[in-house]
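Please read it alongside the sequence and coordinates shown here.

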Amino acid sequence: MLDSNMKPTSRIAIVGVGQVGAAAAYALILSSIAGELLLVDVRVDWRDGQVRDLSDVAYGINSGTRVRAATHREASQCDVVVITAGSRWSIGETNIQHMHRNVSVMRSVIKAMTPFRSDAIVLVVSNPVDLLTSIAQELSGLPRFQIFGSGTFLDSVRLRGLVADKAQVAADAIHLSVVGIHGDSQVVAWSNATVNGVPLDKFLPPDASGFGHADLEDQCRFHAESIVQVKGSTPFGMGSAVASLCASVLLNRGDVRPVSYFQPDFGCCFSLPVVLGRKGIMRTIGMPLDDHEKAILSRSATKLRETMDRIKTSQ
Ligand SMILES: NC(=O)c1ccc[n+]([C@@H]2O[C@H](COP(=O)([O-])OP(=O)(O)OC[C@H]3O[C@@H](n4cnc5c(N)ncnc54)[C@H](O)[C@@H]3O)[C@@H](O)[C@H]2O)c1
Ligand SMILES: *[C@@H]1O[C@H](CO)[C@@H](O)[C@H](O)[C@H]1NC(C)=O
Ligand SMILES: *[C@@H]1O[C@H](CO)[C@@H](O)[C@H](O)[C@H]1NC(C)=O
């Protein structure tokens with residue numbers, strides 16, 4: 001815990017305090033990195049309930065983080081703005097219709113917050129995260145390095161944890177990233193996976209039973225799907241991922257993280273590892289990928305760009 005003469009002064013806003021937003025707030029309060037946490041939601045009574053409940057956490061652990069309700073406009077003036085707003089699926093709605101509704105939620109969130117403080121960092125968590133990060137970026141008017149999506153960060157954490165268990169080493173010794181478009185077309189960059197620099201496949205031979213790349217990917221997919229099946233979301237995993245990304249930014253840590261950001265060669269956002277710090281994306285890494293991995297990335301990026309074009313014309 002920070003002592004009183006080291007009180008944190010940064011402000012973080014969470015826009016959409018449903019399951020994921022509330023878990024993110026909880027993790028942020030426990031980590032004491034912000035002086036103030038502003039909670040925003042269109043469901044005002046619900047928002048106020050979350051503020052009161054989470055204030056008890058802040059008092060209970062003497063966190064130094066004050067929790068309060070706020071408007072979209074106040075949120076836009078914070079150091080970091082986390083967007084976890086979303087829309088529940090309605091009965092009879094197709095996937096495409098739901099996607100369009102998710103897009104309009106993002107549009108209204110950004111519109112209600114523009115103009116942003118010129119040095120605000122925006123973290124998009126709402127799904128479909130790469131599409132919504134691209135849209136938020138276009139509408140926000142912020143420089144591209146100040147806005148990024150949680151993308152495949154949680155997928156990477158999950159896979160790294162699974163591999164670490166199998167290899168019986170600590171997760172932070174495993175260098176392994178999931179990259180690309182979050183969801184069905186994300187790619188594991190196996191070709192550059194290492195245990196502290198030693199190629200992973202030497203350390204954990206993929207032909208040994210249960211260690212095959214496809215096996216490990218299946219186990220990760222099952223892990224995620226089985227949480228969503230019973231809980232409808234993955235709040236604790238995502239909440240702690242949000243707190244970790246906010247710490248990378250506010251504490252200017254230089255952590256290397258796969259997040260979703262604008263890829264000029266592809267005209268849309270998807271995840272690749274970058275260096276995170278106080279100004280957002282401090283630099284890109286240029287991680288080498290093999291031809292197979294590159295082919296999947298470029299195919300799925302083309303599909304995402306087509307979706308973006310269709311959304312623009314149907315507007
Ligand atoms: N990228 C990832 O890996 C990942 C993981 C988990 C969840 N998510 C995404 O995070 C989002 C939130 O998930 P959840 O389970 O917390 O959903 P949820 O339905 O519990 O919460 C969404 C909240 O957003 C609020 N909201 C709607 N429109 C708003 C607006 N215009 N302004 C402010 N608030 C608004 C709702 O009232 C609700 O409280 C979803 O899009 C989900 O897909 C992403
Ligand atoms: C729309 O958002 C909801 C949650 O807010 C998410 O569960 C769903 O996957 C999204 N739909 C699409 C098509 O991305
Ligand atoms: C990373 O990938 C590139 C391209 O496939 C390859 O040349 C390089 O040897 C890989 N590095 C490691 C450590 O495996």
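## Ligand 1

Ligand 1 is surrounded by 24 residues, of which the closest are Val-20, Asp-41, Arg-43, His-72 and Ser-233; a residue is near a molecule if one of its heavy atoms lies within 4 Å of it. The model is predicted: local features need pLDDT of at least 70, side-chain atom pairs count only at pLDDT 80 or more, and totals for chains, interfaces and linings use all residues. Residues are numbered from 1 along each chain as its sequence is written, chains are lettered from A and ligands numbered from 1 in the order in which they are written, and side-chain values use heavy atoms, with hydrogens and water left out.

A polar side-chain atom of Asp-41 is 2.6 Å from an oxygen atom of ligand 1, and one of Arg-43 is 2.7 Å from an oxygen atom of the ligand. Ser-150 places a polar side-chain atom 3.2 Å from a nitrogen atom of ligand 1. The ligand exposes 870 Å² when taken alone, and the protein buries 88% of that; accessible areas come from the Shrake-Rupley method with a 1.4 Å probe.

Helix 1 (19-31) and helix 4 (95-113) are the elements that give two or more residues to the shell around ligand 1. Helix 4 gives the most, with 3 residues. Helices (H or I, at least four residues) and strands (E, at least two) are DSSP runs, numbered from the N terminus.

By class, the shell around ligand 1 has 8 nonpolar, 13 polar and 3 charged residues. Here Ala, Val, Leu, Ile, Met, Phe, Trp, Tyr, Cys and Pro count as nonpolar, Asp, Glu, Lys and Arg as charged, and the others, Gly among them, as polar. Ligand 1 lies between domain 1 (11-149) and domain 2 (153-313), because both give residues to its shell. The domain bounds come from an automatic or database domain assignment.

## Ligand 2

The residues around ligand 2 are Gly-86, Ser-87, Asn-95, His-98, Met-99, Asn-102, Asn-127 and Pro-128. A polar side-chain atom of Asn-102 is 2.5 Å from an oxygen atom of ligand 2, and a polar backbone atom of Ser-87 is 3.2 Å from an oxygen atom of the ligand. Taken alone, ligand 2 exposes 360 Å², of which the protein buries 63%. The shell around ligand 2 divides into 2 nonpolar and 6 polar residues, with no charged residues.

## Ligand 3

A backbone N or O atom of Ser-191 is 3.0 Å from an oxygen atom of ligand 3. Taken alone, ligand 3 exposes 360 Å², and the protein buries 50% of that.

The closest to its centre among its 17 lining residues are Arg-160, His-175, Leu-176, Ser-177 and Val-256. On a 1 Å grid over the protein atoms alone, where a 1.4 Å probe is used, a pocket is an open set of points with protein on both sides within 12 Å along at least five of seven lines, and lining residues have an atom within 4 Å of a point.

The largest share, 3 residues, comes from strand 12. By class, the lining of the second largest pocket has 11 nonpolar, 3 polar and 3 charged residues.

## Backbone features

The peptide bond from Thr-114 to Pro-115 is cis, with omega near 0°. Pro-115 is in the loop between helix 4 and strand 5 (121-124). Another cis peptide bond joins Asn-127 and Pro-128, with omega about -5°. Pro-128 is in the loop between strand 5 and helix 5 (129-140), and both Asn-127 and Pro-128 are among the residues around ligand 2.

Asn-62, a residue other than glycine, has a positive phi near 55°. Asn-62 lies in the loop between helix 2 (44-60) and strand 3 (66-69).

Note on methods. A polar contact is a pair of N or O atoms within 3.5 Å; within protein, one must be able to donate a hydrogen and the other to accept it, and residues adjacent in sequence count only if both atoms are side-chain atoms.
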